[in-house]
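Here's a quick tour for anyone meeting this structure for the first time. Take a look at the sequence and the fold, then read on.

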Amino acid sequence: MKFVVINGPNLNLLGLREPKIYGTGTFAALEDFIHRVCAKEGVEVELFQSNHEGAIVDRIQQAYGTADGIIINPAAYTHTSIAILDALKAVALPAVEVHLSDINAREEFRHISYAGMACIKTFAGLGFEGYRQAILYLKEYLQHR
């Protein structure tokens with residue numbers, strides 16, 4: 001079983017970026033956390049981060065035929081990118097959305113998730129733990145599909 005974990009803009013600045021919202025863990029710590037969880041669960045994982053919408057769309061498209069599922073934190077593109085929504089719908093791979101913060105407890109414009117419209121589940125407000133929950137959920141989903 002192989003997952004692609006896609007992280008969007010500014011997540012590479014974790015630890016520096018608004019620690020009261022996103023925590024003090026670094027992006028490198030997040031990637032290590034994801035690798036450890038996937039190794040424990042016997043899931044092959046490829047990590048990808050970009051600050052560019054088109055690169056994220058390209059990576060979603062490349063997952064078709066090479067991955068069993070996608071875990072995505074589109075970050076700010078969550079609330080703006082119909083292109084990411086369309087890419088997720090086009091490849092039709094099971095996808096789980098993750099957000100470190102609780103987007104529904106923040107500014108009203110963050111309450112709409114375009115990417116989430118193509119996802120089977122969303123985990124928000126759990127910090128790094130949301131990625132673990134997404135991995136476990138996607139693995140379980142694929143095993144019983």
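This is a predicted model: local features need pLDDT of at least 70, side-chain atom pairs count only at pLDDT 80 or more; totals for chains, interfaces and linings use all residues.

Phe 123 is buried, at a relative accessible area of 12%.

These two residues form a ring pair: the centres sit 6.1 Å apart with the planes at 70°, so the pair is edge-to-face. Phe 123 belongs to strand E5 and Tyr 137 to helix H5, so to speak a link between distant parts of the chain, 14 residues apart.

## The other aromatic pair

How many aromatic pairs turn up in a search of the whole structure? There are 2. Besides the one above, Phe 33 and Phe 128 make a tilted pair, with 5.9 Å from centre to centre and 45° between the planes.

Phe 33 sits in helix H2 (residues 27-41), while Phe 128 is in the loop between strand E5 (121-124) and helix H5 (129-143), so this pair ties together parts 95 residues apart in sequence. Phe 33 is buried, with a relative accessible area of 11%.

## Two helices side by side

Helix H3 (residues 53-63) packs with helix H4 (residues 82-91) at an angle of about 5°, and their axes are 9 Å apart. That makes H3 and H4 roughly parallel to each other, since angles under 35 degrees count that way.

On the H3 side, the contact uses Glu 53, Ile 56, Val 57, Ile 60 and Gln 61. H4 brings in Ala 83, Ile 84, Ala 87, Leu 88 and Val 91. Sorted by type, the residues of this contact come out as 8 nonpolar, 1 polar and 1 charged.

Key. Residues are numbered from 1 along each chain as its sequence is written. Side-chain values use heavy atoms; hydrogens and water are left out. Axes are lines fitted to C-alpha atoms, for helices over the stretch in contact, and angles run from 0 to 180 degrees between N-to-C directions. Helices (H or I, at least four residues) and strands (E, at least two) are DSSP runs, numbered from the N terminus. Angles under 35 degrees count as roughly parallel, over 145 as roughly antiparallel, 65 to 115 as roughly perpendicular and the rest as oblique. Contact means heavy atoms within 4.5 Å. Ala, Val, Leu, Ile, Met, Phe, Trp, Tyr, Cys and Pro count as nonpolar, Asp, Glu, Lys and Arg as charged, and the others, Gly among them, as polar. Rings of Phe, Tyr and Trp (its six-membered ring) pair if their centres lie within 6.5 Å; planes under 30 degrees apart count as stacked, over 60 as edge-to-face and the rest as tilted. Buried means under 20% relative accessible area, exposed over 50%, partly exposed in between (1.4 Å probe, protein chains only).
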